[in-house]
Amino acid sequence: EKIAGLRVTSGSLHREKTSVKGSAKPLVCHYRVMRNGEQVSPAGEVVTASSLKRVKEDAQEIKNGDECGLGLEGFNNIQQGDIIECYSVQEKKVMI
């Protein structure tokens with residue numbers, strides 16, 4: 001497994017799941033890897049965090065400005081200069 005050393009520049013990273021205010025249902029965190037403006041991680045496939053560490057200690061969340069080590073399950077071709085994006089998809093019911 002390849003571990004990327006990185007600094008969070010916007011928002012925060014989560015290892016597995018995070019909850020949204022007002023919702024009891026947790027959200028799965030997905031990752032995509034961008035290189036030179038193009039997505040290089042498998043499009044349409046789920047890429048999740050296999051490990052997330054802060055100073056050699058396991059972490060569930062890394063906040064903006066902090067450094068960490070991140071391993072990705074489902075993608076191992078991380079290169080220097082890549083941008084790693086973390087996102088979750090939330091479904092909401094709408095009354096029509």
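Two strands pair where DSSP finds at least two bridges between them. Strands are DSSP E runs of at least two residues and helices are H or I runs of at least four, numbered from the N terminus. The model is predicted: local features need pLDDT of at least 70, side-chain atom pairs count only at pLDDT 80 or more, and totals for chains, interfaces and linings use all residues. Residues are numbered from 1 along each chain as its sequence is written, and side-chain values use heavy atoms, with hydrogens and water left out.

**View 1. The whole chain.**
The chain contains ten strands and zero helices. Its pattern along the sequence reads β-β-β-β-β-β-β-β-β-β. The C-alpha trace spans about 45 × 30 × 20 Å along its principal axes. Of the 96 residues in the chain, 31% are buried (under 20% relative accessible area with a 1.4 Å probe, protein chains only; exposed is over 50%, partly exposed in between). Contacts are heavy atoms within 4.5 Å. Among contacts between residues at least 6 apart in sequence, 64% link residues at least 24 apart.

**View 2. The open four-stranded sheet.**
The strand order is β1-β9-β6-β7, and the pairing is antiparallel. β1 and β7 are the edge strands, each pairing on one side only. β1 covers residues 3-7 and meets β9 in the antiparallel sense over five bridges. Within that pair, Gly-5 has Gly-69 of β9 as its bridge partner. β6, residues 48-54, also runs antiparallel to β9, again over five bridges. There, Ser-51 stands opposite Gly-71 of β9. β9 itself spans residues 67-73; five of its seven residues are buried, so the strand is largely enclosed by the rest of the structure.

β6 is mostly covered, with five of its seven residues buried. β7 takes in residues 57-58 and pairs with β6 in the antiparallel sense over two bridges. Arg-54 stands opposite Glu-57 of β7. Two residues lie between the strands of this hairpin, and Val-55 takes a positive phi near 50°.

**View 3. The largest nonpolar core.**
A nonpolar core is a set of buried Ala, Val, Leu, Ile, Met, Phe, Trp, Tyr and Cys residues joined through side-chain atoms within 4.5 Å. The largest one has 16 residues; Leu-6, Leu-13, Tyr-31, Ile-62, Leu-70 and Leu-72 touch the most other members. β1, β4, β6 and β9 each supply at least two residues of this core. β9 gives the most, with three residues. Leu-13 reaches Leu-6, Val-8, Tyr-31, Leu-52, Gln-60, Glu-61, Ile-62, Cys-68 and Cys-86, leaving out residues up to four places away in sequence.

**View 4. Val-33 in strand β4.**
Val-33 lies in β4. Val-33 is buried, with a relative accessible area of 0%. Beyond its neighbours within four places in sequence, Val-33 is in contact with Glu-38, Gln-39, Val-40, Ser-41, Leu-72, Phe-75, Asp-82, Ile-83 and Ile-84. The C-alpha atoms of Val-33 and Val-47 are 9.3 Å apart, with 14 residues of separation along the chain.

**View 5. His-30 in strand β4.**
His-30 belongs to β4, which covers residues 26-35. The relative accessible area of His-30 is 16%, so this residue is buried. Its contacts, not counting residues up to four places away in sequence, are Val-46, Val-47, Glu-85, Cys-86 and Tyr-87.

**View 6. The largest pocket.**
A pocket is an open set of points on a 1 Å grid over the protein atoms alone, where a 1.4 Å probe fits, with protein on both sides within 12 Å along at least five of seven lines; lining residues have an atom within 4 Å of a point. The largest has a volume of about 350 Å³, the space filled by probe spheres set on the points, which are joined across faces, edges and corners. Its lining has 18 residues, and Leu-6, Arg-7, Asp-82, Ile-83 and Ile-84 lie nearest its centre. β1, β2 (12-14) and β10 (83-88) each supply at least two lining residues. By class, the lining has eight nonpolar, seven polar and three charged residues (nonpolar: Ala, Val, Leu, Ile, Met, Phe, Trp, Tyr, Cys and Pro; charged: Asp, Glu, Lys and Arg; polar: the others, Gly among them).
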